[in-house]
Amino acid sequence: MQKHSHLLLDIEGTIVLDKRYTPVPGSVRWFNSLAKKGVKARLVTNNTTESPDHLYDILRKRGFKFARDDFFTCLTVALARMKRNPAKGGAKSCLVFGKQAVKKYLRQNGIKPMDSKNVDAVLIGHDPTVTYKKLNTAVGAIIENGAKLYTLHRNRRFVDENREIVMSSGPIAKALENACLVRASLCGKPDRRFYLSSIKGWDVERSEILMVSDDPFADLIGAKKIGMKTCWVLTGSQKDRNVVKKIAKKYHPDYILDSVTDIPG
Ligand SMILES: [Mg+2]
């Protein structure tokens, strides 16, 4: 494959195998050798279960060496967008579908998480405790209180800490959009604005940037749409090469590799 000077790397399923953040074999050494070879790399994640700072610490502890500024998460974008919500003069409260770490991150940054329909915003992340009652509270917030709907991403499924393939946040966002006839604001990959902000400052043609992910659908189609080259790696929840047949030819990944470590540095 052609050598790329700039890499955008997904995290889960791409450089780590699962929610325990077990590195893909050889990925730490491969990743840390990129800088020495003059290859620029940034990490982009749709993680919705850890605070951005905590996730950064975990990856550093696993041995990946990178600067905080080279790490982009959907949660940082969600917070910024909620604070800018013009209709509400900036959201002050939010019904959160997500884990405690997400609620804590919002609280620390001035948005109060509340299990009530009297909120300014509804935020969808991975929430294994989701119930019909909570979904209905969200419907009430959107329809009766005019809360704006945000989703951290639209991923369909992922590999959890028990190595099981489980449903992700996308289908939950879709259910609420359908019930309320609204369109959720997408904060993470493959949102065009998310990708553009994560390549800011890279003074190269987009075709020189390679986006690498285990998700050939959302992540890579989105990257391709803005002109990046794409590489699908088979270390995540999608392992069947035949699924590319479900993708329009113009959005097929440029490369399909067994592991991120097969990318020349
Ligand atoms: Mg992934």
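## A polar contact at Ser-27

A polar contact is a pair of N or O atoms within 3.5 Å; within protein, one atom must be able to donate a hydrogen and the other to accept it, and residues adjacent in sequence count only if both atoms are side-chain atoms. Here is one case: a polar atom of the Ser-27 side chain lies 3.0 Å from the backbone oxygen of Ile-15. The model is predicted, so local features need pLDDT of at least 70 and side-chain atom pairs count only at pLDDT 80 or more, while totals for chains, interfaces and linings use all residues. Residues are numbered from 1 along each chain as its sequence is written, and side-chain values use heavy atoms, with hydrogens and water left out.

Is Ser-27 buried or exposed? Ser-27 is buried, with a relative accessible area of 0%. Buried means under 20% relative accessible area, exposed means over 50%, and partly exposed is in between (1.4 Å probe, protein chains only). Ser-27 also has partners beyond four places in sequence: Ile-15, Phe-64, Val-260 and Thr-261 are in contact with it. Contact means heavy atoms within 4.5 Å.

## Helix H1

Ser-27 belongs to helix H1, residues 27–34. Helices (H or I, at least four residues) and strands (E, at least two) are DSSP runs, numbered from the N terminus. H1 is mostly covered, with 7 of its 8 residues buried. These are Ser-27, Val-28, Trp-30, Phe-31, Asn-32, Ser-33 and Leu-34.

What covers the buried residues of H1? The cover includes strand E1 and strand E2 (40–45).

## The magnesium site

Which residues are the protein donors of the magnesium ion? They are Asp-10 (OD), Glu-12 (O) and Asp-214 (OD), lying 2.2 Å from the ion. Donors are N, O and S atoms within 2.8 Å of the metal (3.2 Å for Na, K and Ca); water is not among the atoms, so sites may look incomplete. Along the chain, the donors follow the spacing D-x1-E-x201-D.

Glu-12 lies in the loop between strand E1 (6–10) and H1, and Asp-214 in the loop between strand E11 (209–213) and helix H8 (218–225), so this pair ties together parts that are 202 residues apart in sequence. Glu-12 is buried, at a relative accessible area of 17%. Asp-214 is buried too, at 9%.

## Two domains

The protein is divided into domain 1 (6–46 + 189–262) and domain 2 (87–186). These bounds come from an automatic or database domain assignment. Taken over C-alpha atoms, the domain centres are 26 Å apart. In contact across the boundary are 13 residues of domain 1 and 13 residues of domain 2.

How much area do domain 1 and domain 2 bury between them? They bury about 1200 Å², with 47% of it on carbon and sulfur atoms. Buried area is the accessible area (1.4 Å probe) that two parts lose on being put together, summed over both. In domain 1, Lys-19, Asn-46 and Ser-237 lose the most area to domain 2, together 39% of what that side buries.

## Cysteines

A disulfide is a covalent bond between the sulfur atoms of two cysteines. The rule used here asks for a pair of cysteine sulfur atoms within 2.5 Å. By this rule the count is 0 disulfides. Cys-94 is in none: the nearest cysteine sulfur, that of Cys-187, is 10.0 Å away. Cys-94 is buried at 0% relative accessibility. Cys-231 is likewise buried at 0%.

## Backbone features in loops

Tyr-21 sits in the loop between E1 and H1. Leu-181 sits in the loop between helix H6 (170–180) and E10.

Where is the cis peptide bond? This bond runs from Lys-189 to Pro-190, with omega near 0°. Pro-190 is in the loop between strand E10 (185–186) and helix H7 (192–198).

One more loop residue is Ala-67, between helix H2 (52–61) and strand E3 (71–73). Ala-67 is partly exposed, at 39% relative accessible area. From Ala-67 to Gln-100 is 33 residues in sequence and 26 Å in space, C-alpha to C-alpha.
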